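Let's take a walk through this structure together.

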Amino acid sequence: MFSDQRLAELNQPLLAEHQTQFQYTAESPRLRHADVAAVVQKLIDFQVAIPSWALGTGGTRFGRFAAGGEPATLEDKISDVGILQALNRSSNSISLHIPWDIPQDIPGLQQLLKEKGLVIDSVNSNTFQDQKDQPQSYKFGSLSHTDKAVREQAIQHNIDCVRYGRQLDAKTLTIWLADGSNFPGQSHLRRAFLRTQESLAAIYEAMPSDWTMLVEYKPYEPNFYSMVIPDWGTSLALCQTLGQQAQVLVDLGHHLPNTNIEQIVGRLRQFGRLGGFHFNGSMYGDDDLTTGSIKPFQLFLIFNELVDAALDSSVPAEAVAYMIDASHNVKDPLEDLLQSVENILSAYAKALLVDREALAEAQDTNDVVRAEEILRDAFLTDVRPLVSEAYLRAGGAIRPLAAFRAEGVREKLIQQRGKHSVSTGL
Ligand code: LRH
Ligand code: MN
């Protein structure tokens, strides 16, 4: 859909205005302290993984409203991510979810991924649903289940996920457990943790030495009294006992209201255990809305911690996996993902524009107002010209969302796949 020539045609009418805005921003006196060219290069190098399970319309228990033209196969999901990558050149990988995306035609998939310039970043296991003809039920948990047979089934499923991932050159296993309880007394809270620890160790043992295990925490849902891995501290404790290849996964929607997530990020970076993010937006709970759509300042503060830690040689260097995990109820899934990637890049750009020297001086002299103003200055900078410049230099569209609409992508997908094609996922 978006050949280089077509992208050039779509960019042409926007070029002059973009160059004026980019120049104005790059030469702004407010950015005298910043290396704008370096910021643009960092934006070009920054890639966000797209969740295979968010390419169709999500839903809630109250309803689901199909978008039409949804990708019903892994091949179609890869080509949809290919559209995003062609437009913003910032979405070069896909996270898979098993069994929704069990790869069949490996050579065909490898060829398609190559054609689209994509890789598989992470494989997510699923022991929160029972599959048809599954011998053991996960109703009362999986890796923490009181019944050894259920735990072994869940362990084997995770080992199978690694096997599928290796076929497509993935190097990361993401584990989120729905395990927990709904009523006091239902579960022995300490023993449930110990069984989980033992099960994770068995999976860790079976994982290749160049793989990473991401342990995702969540305070509630689908259990509403206790979750076996409810918070970053529990995930960190598990990772520290498992080994260096185990890291904490921070899903932005998995925090109780008013949690200072940026401080958690700073801590995990300090401890060398921040494995990655599931980016999304939320107002109340695990709402899985567009990233940065509800709390853009918090997203900026999270990137502020990441940029600060990356500049601090005393903090261990780390390969952090940047992934989206969202679910679309009322927006076109691909438009929502283009918005999320843009909001993530914007938060990163603003964090890169913070005058760190001035901030450190203000912090060391307890000049509270000055410190706050330095951060706000960066946050209030219109970085859209910088993000567009990164898209353009990387061969993408100056305005990906506008190009997506101008090309009538959804209409074309509906023509190809029909109005009722359904994508596997949540
Ligand atoms: C759980 C979660 C987890 C995924 C699922 C799709 O809420 O965030 O990361 O497996 O969503
Ligand atoms: Mn998640």
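A polar side-chain atom of Asp286 sits 3.0 Å from an oxygen atom of ligand 1, a polar contact being a pair of N or O atoms within 3.5 Å. This is a predicted model, where local features need pLDDT of at least 70, side-chain atom pairs count only at pLDDT 80 or more, and totals for chains, interfaces and linings use all residues. Residues are numbered from 1 along each chain as its sequence is written, chains are lettered from A and ligands numbered from 1 in the order in which they are written, and side-chain values use heavy atoms, with hydrogens and water left out.

Stay with ligand 1 for a moment. One of its oxygen atoms is 2.6 Å from a side-chain N or O atom of Glu216, and an oxygen atom of ligand 1 is 2.7 Å from such an atom in Asp325. On its own ligand 1 has 300 Å² of accessible area, of which the protein covers 96% (Shrake-Rupley method, 1.4 Å probe).

Now turn to the manganese ion (ligand 2). Glu216 (OE), Asp251 (OD), His278 (ND1) and Asp325 (OD) coordinate it at 2.1 to 2.2 Å; donors are N, O and S atoms within 2.8 Å of the metal, or 3.2 Å for Na, K and Ca. Along the chain, the donors of the manganese ion (ligand 2) follow the spacing E-x34-D-x26-H-x46-D. Glu216 in strand 6 (residues 212–216) and Asp325, in the loop between strand 10 (321–324) and helix 10 (333–352), are 109 residues apart, and the pair links distant parts of the chain. Here helices (H or I, at least four residues) and strands (E, at least two) are DSSP runs, numbered from the N terminus.

Conventions:
Polar contact = N/O pair within 3.5 Å; in protein donor to acceptor, adjacent residues only side chain to side chain.
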